[in-house]
Amino acid sequence: MSMSTRNKMRIAVVVVAAGWFGWSWWHGRHRAATADTTTASAPAAATPVAVAKPLPPDTPRSWKVGSLTLHSCELGRPGSGATVAGWCTTFVVPENRADPHSRKIGLKLALIRSEASKPDKDMAVLLAGGPGEAATASWSMVAPAFQGVLKHHDVLLLDQRGTGGSHPLSCDAAEQNNDNVSVGGLDLNQLRTQTQACLAEVSKRADPRYYTTTIAVQDLEDVRKALGSPSFDLVGVSYGTRVAQQYLMHYPDAVRSVVLDSPVPNQVVLGEDFAENLNRALKLDFAQCAATPACKKRFGDPMQTLYQLRDALRANPHTVTFRDPLSWDMVTRPLNQYALASVVRMFAYTSETAALLPLSIDAAAHGDVGPLLGQARLLNGDLSGDMNNGMSMSVICSEDADLLKPRPQDANTILGNHLIDAIQTECSVWPHGSRPADFHAPLKSSKPILILSGQFDPVTPPSYGKTILAGLSDARQLIFKGQGHSELMRGCMPRLLTRFIDKPDPAQLDAHCLDRLGPTPAFINFNGATP
């Protein structure tokens with residue numbers, strides 16, 4: 001039986017307290033004994049008592065890898081007090097790589113040291129999602145997936161420029177007033193004003209044109225050389241799969257193997273088919289309810305209910321009051337078709353939250369919005385500290401925005417074209433970096449590559465993985481039944497990740513253990529699903 005974190009902390013406090021008390025007790029008794037002996041032996045010469053010299057302060061532990069010297073550090077996560085041990089340094093690069101004399105920025109780099117006394121020469125690399133997530137902040141969440149990998153491999157975490165500890169493009173003052181969804185709908189003028197305020201703040205210390213995927217890939221290659229030029233086993237998650245593919249295209253000799261978790265093909269323009277992908281995922285999720293007698297009896301057709309709720313909010317947008325599950329305060333928020341679309345999209349990301357959708361939509365349709373908006377508040381709270389919006393705009397505005405066009409066939413879907421409208425509004429203000437001519441070219445590679453796709457993924461559906469697979473000669477796609485977005489932690493995938501990085505042979509990887517996966521049964525009430 002494993003010991004809980006809280007009990008471990010309690011024991012640690014007791015041990016520290018006992019140690020301090022014991023030292024104080026011994027020190028007091030020693031001083032008293034010395035004083036008594038000196039008084040009793042006054043006629044004779046007192047025996048000199050050796051005074052212990054103070055110990056020198058502890059020097060930081062260091063680890064030399066290639067030309068870099070790393071020091072022990074703790075990697076945390078926004079909104080959490082938990083930390084994970086690592087080895088960190090700052091890697092300095094020019095902001096504008098075309099001008100070596102431009103402003104210098106520091107990139108936060110961390111290594112997680114292998115358990116082996118002599119690890120394998122190749123190094124695993126976690127490429128975080130977003131765009132806007134930082135690898136060092138994401139590590140505590142995905143570390144269990146790499147537990148087996150660490151038996152023989154070091155793991156590299158590099159906060160991509162503009163995120164985390166790598167010169168983040170944060171606009172804290174501008175984001176304090178970030179409610180751009182009015183009662184009537186998405187306020188694009190307000191969004192434009194906020195983007196201008198964010199740009200004014202960021203521009204004091206950074207040039208947003210130089211925070212693109214292409215430049216970040218060059219940073220990663222410079223880091224690899226500084227580490228002694230190990231081969232990389234790239235593990236990209238979501239947007240991190242774009243970074244992995246771009247790195248492989250430009251530095252194929254540096255790559256030993258690749259894992260693409262919930263990938264986006266190079267040729268896809270981010271945002272162009274988000275509405276279609278969400279609609280597909282919702283149909284699959286709700287089909288599970290229709291196939292379960294108890295769920296079908298309780299909720300009928302959840303998709304129909306969702307669209308009826310959407311139509312009612314189109315006709316009558318309004319504010320609602322509910323109890324915030326984080327602060328427990330009563331809060332008032334606008335509720336309209338745009339807010340509904342955003343909430344439903346967040347729910348669809350994982351099988352666990354998707355299982356709450358039929359119940360939450362039904363409750364909202366009957367006037368109780370607390371379950372829907374309350375759960376959305378929890379999900380948004382988990383995400384709010386993870387994403388850097390400035391860096392996200394630098395990536396999308398440089399790489400995708402000019403290719404985005406509203407699609408008539410999506411106009412009546414739950415998500416509609418309002419996400420495209422928002423991106424184009426932001427990018428009408430945000431500076432654009434350059435995009436190489438071959439940036440959206442299909443990936444062609446003979447490297448061993450493993451593709452992970454969730455069957456019900458509302459953002460990067462399995463068809464994306466199949467598109468990538470077409471250009472690969474030594475690759476395999478694993479489809480996770482009933483699952484949504486991001487699969488590294490699902491079922492036996494951590495074991496498969498270890499086996500694949502130890503021996504990158506997609507065809508020979510035995511993945512039958514994934515057959516046990518399936519969708520989370522829909523909640524019939526707030527006690528759970530019916531057995």
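Visitor: Which residues of helix α16 are buried?
Guide: In this predicted model, helix α16 spans residues 462-469, and its buried residues are P462, Y464, G465 and I468; buried here stands for a relative accessible area under 20%.

Visitor: What do the buried residues of α16 pack against?
Guide: Their partners are the helices α6 (239-250) and α7 (274-290), together with the strands β8 (255-261), β11 (449-454) and β12 (475-480), where contact requires heavy atoms within 4.5 Å.

Visitor: Why is strand β7 called largely enclosed?
Guide: Because 6 of the 6 residues in β7 (residues 232-237) are buried, the strand counts as largely enclosed by the rest of the structure. F232, L234 and G236 point one way from β7, while D233, V235 and V237 point the other way, and all of them are buried.

Visitor: How do you know that β7 pairs with β5 and with β8?
Guide: Pairing requires at least two bridges; strand β5 (residues 123-127) is joined to β7 by 5 bridges in a parallel arrangement, and β7 pairs with β8, also in the parallel sense, over 6 bridges, so both cases meet the criterion. V235 in β7 stands opposite L126 and also opposite V259 in β8. From β7 the chain passes through α6 to β8, a β-α-β crossover that is right-handed.

Note on methods: Residues are numbered from 1 along each chain as its sequence is written. This is a predicted model: local features need pLDDT of at least 70, side-chain atom pairs count only at pLDDT 80 or more; totals for chains, interfaces and linings use all residues. Side-chain values use heavy atoms; hydrogens and water are left out. Buried means under 20% relative accessible area, exposed over 50%, partly exposed in between (1.4 Å probe, protein chains only). Helices (H or I, at least four residues) and strands (E, at least two) are DSSP runs, numbered from the N terminus. A crossover is right-handed if, with the strands pointing away from the viewer, the path from the first strand over the helix to the second runs clockwise.
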